[in-house]
Amino acid sequence: MRSFYESIGVNPRNRKEAIEISKLLEIPIVMLDFYNEHQILPFENHLTIINERLHISEISLKIRMGIIDSDVRDLLLHNEDYLLKQYAQKYNKVESLLTPSFQTELGKLFQGDCLDLLKQTGSETYDLIFADPPFNLDKFYLSNYDDNISSIEYLNWCYEWINECVRVLKTGGSLFIWNIPKWNTFFSNYLNNKLLFRHWISVDIKFSLPIGGKLYPSHYSLLYYSKGKPTTFRPDRMPMEVCKKCFTDLKDYGGYKNKMNSNGVNLTDVWYDIPPVRHNKYKRRKEANELNIKLLDRIIEMSSKEEDLIFDPFGGAGTTYIAAEIKNRRWHGIELGPLDDIIKRFENIEEDKELLRKYRRNYNSLFPIEIKNKRMQLNLWTDESFNEVEVKHSPL
Ligand SMILES: C[S@@+](CC[C@H](N)C(=O)[O-])C[C@H]1O[C@@H](n2cnc3c(N)ncnc32)[C@H](O)[C@@H]1O
């Protein structure tokens with residue numbers, strides 16, 4: 001996929017070229033910038049001019065810009081045999097195989113580029129894939145990964161590893177992609193005709209400062225897709241929310257209190273309880289992006305069983321691998337940069353185990369035991385109240 005400017009032979013970084021082409025086509029530069037910025041096919045009158053003066057047809061422009069509509073699909077179908085032969089020649093080369101740099105009984109950690117590892121991995125290998133790539137926000141990475149490339153380059157790179165992830169995912173397996181909403185809209189569009197859409201999960205975390213003229217960005221997006229009907233789907237149930245100070249209800253459950261499941265409430269697609277790992281003291285890697293193990297615990301619990309095989313193409317501080325190990329799942333991982341921080345984290349795995357034990361104590365019951373005791377002392381209802389004669393309703 002190329003940007004609009006690249007598709008008509010203009011270097012997007014060279015303003016002079018853009019101005020010249022605008023004069024040649026007699027199309028205002030603001031319109032050309034608009035098509036380029038939003039990756040939109042030019043309006044019909046402009047398409048005609050581009051065709052006449054640059055000899056680039058509408059379909060050719062669509063292919064260059066990666067706009068795959070029914071015209072392009074028909075063209076591909078007509079030439080399918082030829083294209084598949086070309087593809088096989090390009091990709092059926094034998095790559096030099098990567099070998100793991102660190103291993104446990106359950107997992108293998110590689111150092112290198114995830115695309116190399118993916119290309120040497122057989123189709124239908126993994127039960128669960130979680131990917132948290134760099135977001136192209138100009139952050140520093142120990143691996144010297146360039147986190148400030150053009151949008152088109154970033155999207156093309158992402159489509160390449162996403163494509164491979166789809167291939168190596170088992171039928172019935174689940175794919176999760178963590179990113180800012182801007183990029184996940186593209187990935188979602190890309191995945192919609194490859195996998196089954198399950199959820200767009202919003203995780204409430206503020207990720208930048210307020211931006212003038214825009215809403216304050218306040219959630220990360222977690223895309224959840226599966227290859228056909230998911231083999232495993234068993235989300236944790238959550239405790240009922242209560243006031244942290246006085247333990248009273250935060251919502252009005254009206255006459256439904258006695259119908260509430262004593263194992264907890266259904267997990268929704270908006271997660272408010274995943275704090276960021278912000279403070280340097282708690283970070284295993286001195287970069288900005290280690291995820292909370294609580295997030296990985298929830299995903300792994302929901303979409304895999306013990307001994308399933310999990311893959312994460314972007315190691316970072318190794319949160320996925322540690323969570324998988326603790327939860328007795330097999331795992332494969334890779335990181336472009338140094339692996340020392342991940343290996344050190346395995347040496348201190350008891351710290352993460354303790355953290356997970358603490359988080360998991362609260363799941364799958366309507367009230368964690370401490371909350372239940374407090375509410376009983378205050379004569380507030382609990383799931384055990386409904387055999388009793390009088391129930392005091394807590395104020396909202
Ligand atoms: C956002 S971080 C992942 C953080 C991780 N989820 C955690 O919780 O610790 C992305 C990581 O991907 C690595 N990376 C970038 N490009 C890569 C590639 N092509 N192959 C493997 N790792 C890559 C970066 O060095 C960085 O450590």
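**Ligand and helices**

Reply: A polar contact is a pair of N or O atoms within 3.5 Å. Here a nitrogen atom of the ligand is 2.9 Å from a polar backbone atom of Cys114. This is a predicted model, in which local features need pLDDT of at least 70 and side-chain atom pairs count only at pLDDT 80 or more, whereas totals for chains, interfaces and linings use all residues. Residues are numbered from 1 along each chain as its sequence is written, and side-chain values use heavy atoms, leaving out hydrogens and water.

Me: Which atom of Thr319 lies 2.7 Å from an oxygen atom of the ligand?

Reply: A polar side-chain atom of Thr319 does; for Ala317, a backbone N or O atom lies 2.7 Å from an oxygen atom of the ligand.

Me: How is the angle between the axes of α11 and α12 read?

Reply: Two packed helices are described by the angle between their axes and the distance between the axes. Axes are lines fitted to C-alpha atoms over the stretch in contact, with angles from 0 to 180 degrees between N-to-C directions; helices are DSSP runs (H or I, at least four residues), numbered from the N terminus. The axes of α11 (residues 293-303) and α12 (residues 319-326) come within 9 Å and cross at roughly 55°.

Methods. A polar contact is a pair of N or O atoms within 3.5 Å; within protein, one must be able to donate a hydrogen and the other to accept it, and residues adjacent in sequence count only if both atoms are side-chain atoms. Helices (H or I, at least four residues) and strands (E, at least two) are DSSP runs, numbered from the N terminus.
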